[in-house]
Amino acid sequence: MLMHLDPKMMRHNNVIIMIHVLFFIIPFSCVHSFSVEYGKVLELQESNFDSAISSFDHILVDFYAPWCGHCKRLSPELDAAAPILATLKDPIMIAKVNADKFNRLAKKYDVDGYPTIMLFNHGIPTEYRGPRKSDLLVSYLRKYAASDVTMLDSDSAVSNFVEEAGTFFPIYIGFGLNNSTIENIAIKYKKNAWFSVAEHFSEDAMVSSYGFDKVPALVSLNPSYNERSAFYGPFEGKFESTYGYFIVEQAEKLLEDFVKQNLLPLAVPVSHDTLKLMKSDGRKMVLTIVEDENEEISKELIKLLKAAASENRDLIFGYVSIKHMEEFAEKFDIETKLPKMIIWDKNDEYLSVVGSESIDGEDQKTLIAKFIEGYREGRTRMKRTSGPSLLRAMNKTFNLRMMCIFVFLMVVMILIQLFFTKGSDEYQRVPTQKHASHASSSVKEVESKEYKSAEKED
């Protein structure tokens, strides 16, 4: 059947359609006053920042300064990562803000150095401290766009998941568990770990690949430290133990304790990033201070610390070397013969164990056990952390020979200056107070910027 279309009616309909299109497009472009080109880094400023954050579930924002060398090196890495992250099932956008120009935004998000990178997940900001090379950055960020719990249906799916997860975060795999058993914990700790449930798997994968021999089990893998552990429950419901019956809430607590304890390796190397994790952990820390963690004798000691940690999971075991973090280690009175151990609650006070101030000796395993025993029995002395001594600070910067050379050069420069200025014009130019003040403020500004830039080194 043929229909005759009135040209006037068609024109009328086209106008109506155009009005509807404009009705939707115009408000969108007004509200989102920034151009979105997927795969490109967005340029944000104070006028469009909030609308950009609210428009995307995940957005990584680089607060940079044009003069910052670290920022210039980071920029091409972000350009390379942007198109890959934009193609994820749940895309992650990358944006940047000239924080030197839009300083109100910098102050709002406590930007204290450049570059400062913030990851906004559903509008909630977290400072990004992951890798900055484009390929590693993509691997690191994929977790934020992944499902809370990934479902795996075969041995190959499990191995692929572990491989693609990378080495930056611990991995938890539930074998013979329901998704709902770990879902709440997975949501709570999503920014710290990968979570998955294997629905179908072989006994060979259980034993040879992941080191457990019964189900249900929650297996934790920490690829960075080549560590793995298994939790066999209880997972839910009422269950019996030597202490009587437990209830559901206690089962959930035991499960969460296992997850929290395995976010960190058995013996934690102290760094800026691990300190943040340790401070969010409620356990006290057994801190061991050594001269150099890369020495063979220190490596053997770290093995003993791991064994002690596995037997004392209510404590965090960490270690730090003077060679790599001298300023931090000096807070704990390192005049005592090293290696030494202390109990630290991540504040300005710590405990030394009377009679176990040093664990220097042939049988360090026994000395470590004696230290833990002394702590648990209360044979401790409270001390306060302190800053580094002036002598150590000087030794850290100059040795004696370099100091002598420095003094000699200063004397030569003074003599040269006196020689050339002796016969010069009698009337020396003196800056006005205004110019002097301006020069002083300029120097302070540059020093401040350089200091802030150094805080954000790769």
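In this predicted model, five strands form an open sheet of 5 strands in the order S1-S3-S2-S4-S5, with mixed pairing, where strands are DSSP runs (E, at least two residues) numbered from the N terminus and two strands pair if DSSP finds at least two bridges between them. The edges are formed by strand S1 (42–44) and strand S5 (124–127), each of which pairs on one side only. Local features need pLDDT of at least 70, side-chain atom pairs count only at pLDDT 80 or more, and totals for chains, interfaces and linings use all residues. Residues are numbered from 1 along each chain as its sequence is written, and side-chain values use heavy atoms, with hydrogens and water left out.

Within the sheet, strand S2 (residues 58–64) and strand S3 (residues 93–98) run parallel and are joined by 6 bridges, and Val61 has Ala95 in S3 as its bridge partner.

The structure also holds 2 cavities of 30 Å³ or more, a cavity being a set of points, on a 1 Å grid over the protein atoms alone, where a 1.4 Å probe fits but cannot get out, with lining residues having an atom within 4 Å of a point. The largest cavity has a volume of about 60 Å³, a volume being the space filled by probe spheres set on the points, which are joined across faces, edges and corners. Strand S15 (residues 315–321) gives the most to the lining of this largest cavity, with 3 residues. The second largest cavity, with a volume of about 50 Å³, is lined by residues including Lys143, Asp148, Trp194 and Phe195.

Terms used:
Helix = DSSP H or I, 4+ residues; strand = E, 2+ residues; numbered from the N terminus. 1 Å grid on protein atoms, 1.4 Å probe; cavity = no way out; pocket = protein on both sides within 12 Å on 5 of 7 lines; lining within 4 Å.
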